[in-house]
Amino acid sequence: MILKINGETVDVTLENEKTVGDFLKSFEEEAASNDATTTSIVLDGKTVPADQIDSVLDQPLSDSTKMELTTVSQSAVIEELKRCSGEFDQLKATLEEVSVLLQSGKDSEASAVISNLAETVGNFVIAARYATLFPSLYEKILIDGKDIGTFFEEFTDILKDFETAMQDKDTVTVGDLSEYEISPRLTMISEAVGQL
């Protein structure tokens, strides 16, 4: 069997594992003991979607079986959440200048701030999705007393309003949303992540 984990070829010695299911079960037990889990499986060059995993479990293992696994650890998820949180802290100051930049005709600078915000929010949401794989971690992350999913449902609406105001060049709304809606929520995220 040829095994790659996170892109690296790994030596593997099969003990009693005869099928893909046997191997995945023992691998997942080992990963769990290291606070990690599998996020994707590619078997013989084909991605196995989570809802189709049962279809490959009985497949026998052979010397030519090629399995590529992507894993994530709880510590890596926490590290990414903290990295995004640090970026949010830096963004708060520049966000409050966006309406001034727009009023001054510095649209490209304002757009750069917004792009950075969008990218960081996107990265945070991906890390938060991975956090759901570790229920004890996910339950710890309460932002303004809400779980991440509930918090971001509300935050997404504000970000949509912000995007619309940017497109309309409505500098008053951009300024108000930056100062009174977005910046305080970035602070809430940072405080929640700081508790980890």
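View 1. Glutamate 87 sits at 25% relative accessibility, so it counts as partly exposed (buried means under 20% relative accessible area, exposed over 50%, and partly exposed in between, using a 1.4 Å probe and protein chains only). This is a predicted model, in which local features need pLDDT of at least 70 and side-chain atom pairs count only at pLDDT 80 or more, while totals for chains, interfaces and linings use all residues. Residues are numbered from 1 along each chain as its sequence is written, and side-chain values use heavy atoms, with hydrogens and water left out. The side chain of glutamate 87 meets that of arginine 83 in a salt bridge, 2.3 Å from N to O (the rule asks for a side-chain nitrogen of Lys or Arg within 4 Å of a carboxyl oxygen of Asp or Glu). Arginine 83 is partly exposed too, at 35% relative accessibility.

**View 2. Lysine 146 and its two salt-bridge partners.** Side chains of opposite charge can pair when their charged atoms come close. Here lysine 146 forms a salt bridge with aspartate 144, with the closest N and O atoms 3.3 Å apart. Lysine 146 also forms a salt bridge with glutamate 154, and there the closest N and O atoms are 3.2 Å apart. Each of these residues is partly exposed: aspartate 144 has a relative accessible area of 46%, lysine 146 has 23%, and glutamate 154 comes in at 35%. Elsewhere, salt bridges with shared partners tie Glu80, Arg83 and Glu87 into one network.

**View 3. Threonine 120, tucked into helix H4.** Is threonine 120 buried or exposed? With a relative accessible area of 1%, threonine 120 is buried. It lies in helix H4. Setting aside neighbours within four places in sequence, threonine 120 is in contact with Cys84, Glu87, Phe88 and Leu91 (contact means heavy atoms within 4.5 Å).

**View 4. Helices H4 and H6, side by side.** H4 (residues 107-131) and H6 (residues 148-167) pack at an angle of about 160°, and their axes are 12 Å apart. Axes here are lines fitted to C-alpha atoms, for helices over the stretch in contact, and angles run from 0 to 180 degrees between N-to-C directions. The pair is therefore roughly antiparallel (over 145 degrees; under 35 is roughly parallel, 65 to 115 roughly perpendicular, and the rest oblique). H4 and H6 make a left-handed crossing, meaning the near helix is turned anticlockwise from the far one by less than a right angle. On the H4 side, the contact residues include Ile114, Leu117 and Phe124, and on the H6 side they include Phe152, Leu159 and Phe162. By class, the contact has twelve nonpolar residues, no polar ones and no charged ones.

View 5. H2 packs with H7 (residues 171-194) at an angle of about 155°, with the axes 9 Å apart. H2 and H7 are therefore roughly antiparallel, and their crossing is left-handed. Among the H2 residues in the contact are Lys82, Phe88 and Asp89, while those from H7 include Ile182, Leu186 and Ser190. This contact divides into seven nonpolar, five polar and three charged residues.

Note on methods:
Helices (H or I, at least four residues) and strands (E, at least two) are DSSP runs, numbered from the N terminus. Ala, Val, Leu, Ile, Met, Phe, Trp, Tyr, Cys and Pro count as nonpolar, Asp, Glu, Lys and Arg as charged, and the others, Gly among them, as polar.
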